[in-house]
Amino acid sequence: MTRYELDDLLDLATRVKGKRPGQVLGGKTLGLLFFQPSLRTRVSFEVGMVQLGGHCINLSSDDLYELEPQEQAIMDGPAEEHVKDAARTLSRYVDALGIRAAARTGTWERDRQELLLRSYAEHASVPVINLETPFEHPCQALADVLTMRENLVSLKHRKLTLQWCNHPEPKGLGPTHSVLQLAALMGMDITLAHPLGFEVDDEVLERSKTTASDAGGSVRVSNDHKEAAKGAEVLYARSWGCTKYWDDPEREAMVKRSLQDWRVDEPLMATTNNALLMHPLPVRRNVAATDAVLDGDRSRIYDQAANRAHVQKALLMQLLK
Amino acid sequence: MTRYELDDLLDLATRVKGKRPGQVLGGKTLGLLFFQPSLRTRVSFEVGMVQLGGHCINLSSDDLYELEPQEQAIMDGPAEEHVKDAARTLSRYVDALGIRAAARTGTWERDRQELLLRSYAEHASVPVINLETPFEHPCQALADVLTMRENLVSLKHRKLTLQWCNHPEPKGLGPTHSVLQLAALMGMDITLAHPLGFEVDDEVLERSKTTASDAGGSVRVSNDHKEAAKGAEVLYARSWGCTKYWDDPEREAMVKRSLQDWRVDEPLMATTNNALLMHPLPVRRNVAATDAVLDGDRSRIYDQAANRAHVQKALLMQLLK
Amino acid sequence: MTRYELDDLLDLATRVKGKRPGQVLGGKTLGLLFFQPSLRTRVSFEVGMVQLGGHCINLSSDDLYELEPQEQAIMDGPAEEHVKDAARTLSRYVDALGIRAAARTGTWERDRQELLLRSYAEHASVPVINLETPFEHPCQALADVLTMRENLVSLKHRKLTLQWCNHPEPKGLGPTHSVLQLAALMGMDITLAHPLGFEVDDEVLERSKTTASDAGGSVRVSNDHKEAAKGAEVLYARSWGCTKYWDDPEREAMVKRSLQDWRVDEPLMATTNNALLMHPLPVRRNVAATDAVLDGDRSRIYDQAANRAHVQKALLMQLLK
């Protein structure tokens with residue numbers, strides 16, 4: 001995505017927001033495939049389509065046959081259908097597809113390739129929207145950048161701290177990677193704060209540094225969450241997984257036992273520059289961040305969620321109108 | 001609910017019934033959350049919204065993260081999201097929410113508090129509709145009162161017997177409590193018939209006695225189902241659980257083994273005053289009531305089900321129009 | 001179905017195809033009940049209803065109570081509701097019902113009776129559409145005949161080979177039976193090719209022979225798939241189950257181990273009369289048929305799938321308009 005495309009989408013989202021642009025997607029159908037549970041993504045897309053006059057068809061893994069993503073597979077195992085056939089068939093019925101394929105399926109080297117999503121994208125003849133993989137969650141990041149823009153007006157050189165926080169479960173890197181890249185594109189000054197061992201994907205980090213630098217901003221990494229929070233104008237909290245132990249969640253859990261102070265609370269917020277608190281829901285209250293900060297007046301967590309619908313409506317209008 | 005509000009809703013339901021009031025809820029969305037299976041509730045609400053020009057988004061527990069209802073919880077267990085956050089997020093997307101949370105989760109003292117439903121109602125900023133808890137099932141009772149009114153015209157002083165019947169599974173008290181309270185509000189003369197040990201909730205019983213008395217009717221309890229049926233103008237059958245052994249279904253099952261004659265059949269119906277037979281579906285045929293009476297010409301079981309859609313359309317129009 | 005009715009439906013499907021006939025089913029609702037997973041059936045019906053201005057309500061077995069199909073059952077087991085009551089209730093809410101009940105539930109003698117589907121059809125007061133049983137899959141066959149007609153113009157005396165192929169799982173006979181019967185009605189010259197032991201239902205075979213003969217065509221059986229493919233103008237591949245070992249899938253699997261060359265590949269296709277390759281999806285790639293033929297220029301597998309939506313729209317217009 002170029003900066004121009006991003007601005008264009010955010011501008012459209014702003015115009016769409018709070019208005020009913022009418023039945024511009026009348027007769028259009030969006031198919032959503034969920035291989036993991038979803039609340040916000042599911043409801044925000046369906047509400048968005050309906051408000052634009054279109055229709056959403058939702059399928060979960062329970063409704064579906066097991067799917068084979070591997071090319072040239074000899075399909076004598078449990079998979080009843082090839083992704084190729086599902087994608088080509090669905091392309092004959094619907095006008096766009098959304099796929100959530102966020103589960104860990106093996107090593108990080110495997111999961112960073114987003115095999116299932118990319119297989120759908122390759123074989124479908126309609127646009128395919130990423131509804132979250134372990135590697136990216138672009139719709140979340142679009143909503144987040146819209147939220148920041150609404151509050152800070154201009155994002156260039158504004159201080160964003162992307163703060164790792166603790167969580168009892170191993171999480172994907174989708175929101176983190178996507179926010180990092182879009183914030184870099186906006187020219188923000190980004191501090192990526194995480195404990196040793198929770199490095200984000202090398203390639204994503206390097207790309208975001210280049211992108212930020214081209215846009216007049218910067219990306220730096222800190223392993224000290226207190227230092228990282230100082231002076232932040234946006235504190236964006238989220239847990240993510242350890243790519244090194246990606247297929248060994250027990251080992252990750254063991255490492256996280258000593259990281260319980262990677263949590264956002266009022267003392268930490270007091271060291272920021274009156275920062276906005278952001279977190280993509282769901283959030284583990286009083287583990288990732290305390291009730292006091294999540295329910296405080298600098299929290300924007302529900303605006304982030306609400307903006308999912310607005311930014312996705314803009315996206316759907318661009319893709320389908 | 002006051003008598004005036006109830007009459008108003010039933011009058012609107014009567015006017016709506018069989019007519020298409022047009023797209024009065026165009027652009028409105030109702031979110032339904034089912035934590036237990038549903039046939040009538042699900043389909044009647046969705047059909048109702050569609051016929052009024054609106055849209056329904058259905059989520060079941062399989063689609064959702066596990067939810068934490070406890071305030072100030074430290075969320076390091078399996079629950080991925082707090083009810084507070086789900087309710088506040090959904091309130092940004094939809095115009096009303098319906099919740100079915102009918103499972104037994106502990107003691108009667110706990111379940112009578114309807115924690116999950118009340119937590120949604122507290123945190124949501126849109127209307128929340130009770131789609132059944134162990135304690136209440138108001139939409140069912142509204143349809144039932146509408147059905148009685150259609151058949152008996154005026155309900156004051158009409159004899160209603162709420163008849164416990166046998167069932168292989170432990171059931172909630174929702175329909176019983178809600179019918180008892182609404183029938184009391186209509187001034188009916190109610191006989192609540194159940195075996196010893198299957199008392200309804202004390203507070204609900206006392207409240208319904210006061211309500212009935214204020215409305216010119218009465219509530220009495222009988223532990224003899226043959227005596228209770230005599231002279232009834234409406235025989236409303238339904239099983240419900242034993243609140244004393246609420247968290248010990250095996251003990252309840254043992255008690256019920258000797259209660260197999262708590263079943264509605266033709267000899268029992270013959271002792272009534274040509275009573276209408278009512279039962280909120282699903283019904284265990286030939287256990288709760290025989291095929292002969294369920295399929296007989298005094299049975300109104302399908303009218304009750306059909307009236308769910310009509311009365312809920314009236315409710316949605318009052319809440320959302 | 002008579003030949004006249006079939007032609008009429010296919011003609012309507014042809015006119016509907018690629019056109020938006022407008023909101024002819026505005027206000028109509030179709031309820032779909034899936035007791036097994038579905039991709040094409042689910043999405044093609046929902047898209048079809050939406051494009052005609054109507055609405056689809058989808059229920060899967062997870063949403064529903066367990067259902068009792070047996071008349072006069074004493075319902076003290078796990079089934080919470082009788083099919084009779086579900087069918088009668090749903091008939092009060094929706095304008096038509098579709099049922100997928102394709103699982104093996106016992107012997108072939110039992111499953112060929114389509115108990116659950118027929119019980120719904122008996123008790124519902126709205127049209128009931130068969131979305132696949134082990135015995136029939138008429139919507140698939142309608143789409144297939146439409147696809148053949150589009151390619152061959154006239155079907156009388158055209159050579160169709162219905163080719164059994166291998167599959168790791170035991171499959172139903174639905175598509176095979178339904179294609180056999182509709183192709184017979186069109187007067188095609190049909191070769192039914194399968195290994196010994198995989199005979200189709202006697203009654204269906206005899207009826208299709210009579211039908212074909214009345215329509216100027218023929219039906220013959222071959223146990224040699226190479227001989228059967230020679231000169232075919234349409235090669236329709238699909239696996240189906242062994243009715244003799246219907247309730248013993250392990251024995252069926254053992255028999256199939258020696259049948260791995262019952263697979264459609266390029267050498268086999270080369271012996272045909274430049275045949276169209278058809279297969280109702282999902283297909284086991286490189287087991288039932290090779291990638292080369294499925295992705296080749298004579299393959300019509302995606303047209304078959306796409307025609308599901310068109311032919312079903314025609315069906316819905318005939319049933320509901």
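**Figure 1. The side of chain A that touches chain B in a predicted model.** The contact between the two chains draws 27 residues from chain A and 25 residues from chain B; two residues are in contact if their C-beta atoms, placed from the backbone, lie within 7 Å. This is a predicted model, in which local features need pLDDT of at least 70 and side-chain atom pairs count only at pLDDT 80 or more, while totals for chains, interfaces and linings use all residues. Residues are numbered from 1 along each chain as its sequence is written, and chains are lettered from A and ligands numbered from 1 in the order in which they are written. On the side of chain A that touches chain B, H2 and H13 of chain A each supply at least two residues. Helices (H or I, at least four residues) and strands (E, at least two) are DSSP runs, numbered from the N terminus. H2(A) gives the most to this side, with eight residues. By class, the side of chain A that touches chain B divides into 14 nonpolar, five polar and eight charged residues. Here Ala, Val, Leu, Ile, Met, Phe, Trp, Tyr, Cys and Pro count as nonpolar, Asp, Glu, Lys and Arg as charged, and the others, Gly among them, as polar.

**Figure 2. The side of chain A that touches chain C.** This contact takes 25 residues from chain A and 27 residues from chain C. Two or more residues on the chain A side come from each of strand E1 (29-34), strand E2 (55-60), strand E4 (81-82) and helix H3 (83-93) of chain A. H3(A) gives the most to the side of chain A that touches chain C, with seven residues. That side has 10 nonpolar, seven polar and eight charged residues.

Figure 3. Chain A is assigned domain 1 (3-136 + 308-320) and domain 2 (138-304), with bounds that come from an automatic or database domain assignment. The C-alpha centres of domain 1 and domain 2 of chain A lie 25 Å apart. Their contact takes 25 residues from domain 1 of chain A and 20 residues from domain 2 of chain A. On the domain 1 side, helix H1 (3-16), helix H2 (40-51), helix H4 (108-111) and helix H13 (301-320) of chain A give two or more residues. H1(A) gives the most to that side, with five residues. The side of domain 1 of chain A that touches domain 2 of chain A has 10 nonpolar, seven polar and eight charged residues.

**Figure 4. The four-stranded sheet of chain A.** Four strands form an open sheet in the order E2-E1-E5-E6 (chain A), with parallel pairing; two strands pair if DSSP finds at least two bridges between them. E2 and strand E6 (128-130) of chain A stand at the edges with a single partner strand each, so one side of each has no neighbour in the sheet. Neighbouring strands of this sheet are turned by 20° against each other on average, direction ignored. Axes are lines fitted to C-alpha atoms, for helices over the stretch in contact, and angles run from 0 to 180 degrees between N-to-C directions. Strand E5 (residues 96-100) of chain A is joined to E6(A) by three bridges, and the two run parallel. Ile99(A) stands opposite Asn130(A) in E6(A).

Figure 5. Strand E7 (residues 159-164) and strand E10 (residues 234-238) of chain A pair in the parallel sense over five bridges. Leu160(A) stands opposite Val234(A) in E10(A).
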